[in-house]
Amino acid sequence: MLKNCITCGKQTKSYSEFPCVECGEKIVRCAHCRKISNKYRCPSCKREGP
Ligand SMILES: [Zn+2]
Ligand SMILES: [Zn+2]
């Protein structure tokens, strides 16, 4: 199943999904963004994380 990476917006099937530390919203990040340690921003509370 494909999901949209929250950081780069691409659809990916190798992603990691984890809850936002602030609000628990699901964060989806592709393997590439994880590898290069791209920051993410939670769509719901705007918190940024590594
Ligand atoms: Zn990505
Ligand atoms: Zn959040």
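Phe18 stands opposite Ile27 in strand 4. The structure is a predicted model in which local features need pLDDT of at least 70 and side-chain atom pairs count only at pLDDT 80 or more, while totals for chains, interfaces and linings use all residues; side-chain values use heavy atoms, with hydrogens and water left out. Residues are numbered from 1 along each chain as its sequence is written, and chains are lettered from A and ligands numbered from 1 in the order in which they are written.

Strand 3 (residues 15-19) and strand 4 (residues 26-30) run antiparallel and are joined by five bridges. Strands are DSSP runs of E with at least two residues, numbered from the N terminus, and two of them pair if DSSP finds at least two bridges between them. The hairpin of strand 3 and strand 4 has six residues between the strands, and in this hairpin Gly24 takes a positive phi near 85°.

The zinc ion (ligand 1) is coordinated at 2.3 Å by the SG atoms of Cys5, Cys8, Cys30 and Cys33. Donors are N, O and S atoms within 2.8 Å of the metal (3.2 Å for Na, K and Ca); water is not among the atoms, so sites may look incomplete. The donor residues of ligand 1 follow the spacing C-x2-C-x21-C-x2-C. The angles among the four donor atoms are 103 to 116°, and the site is tetrahedral, a term that requires four donors with all angles between 85 and 135 degrees. The ideal angle for four tetrahedral donors is 109.5 degrees. Cys30 is buried at 7% relative accessibility, as is Cys33 at 1% (buried, under 20% relative accessible area; exposed, over 50%; partly exposed, in between; 1.4 Å probe, protein chains only).

Thr12 lies in strand 2 (residues 11-12) and is buried, with a relative accessible area of 10%. Apart from neighbours within four places in sequence, Thr12 is in contact (heavy atoms within 4.5 Å) with Met1, Leu2, Lys3, Cys5 and Cys30. Of these residues, Cys5 and Cys30 are among those that coordinate the zinc ion (ligand 1). A polar atom of the Thr12 side chain lies 3.1 Å from the backbone nitrogen of Ser14.

Terms used. Four donors count as tetrahedral if all angles lie between 85 and 135 degrees; four count as square planar and six as octahedral if opposite donors are over 155 degrees apart and all others between 65 and 115; anything else is irregular. Helices (H or I, at least four residues) and strands (E, at least two) are DSSP runs, numbered from the N terminus. A polar contact is a pair of N or O atoms within 3.5 Å; within protein, one must be able to donate a hydrogen and the other to accept it, and residues adjacent in sequence count only if both atoms are side-chain atoms.
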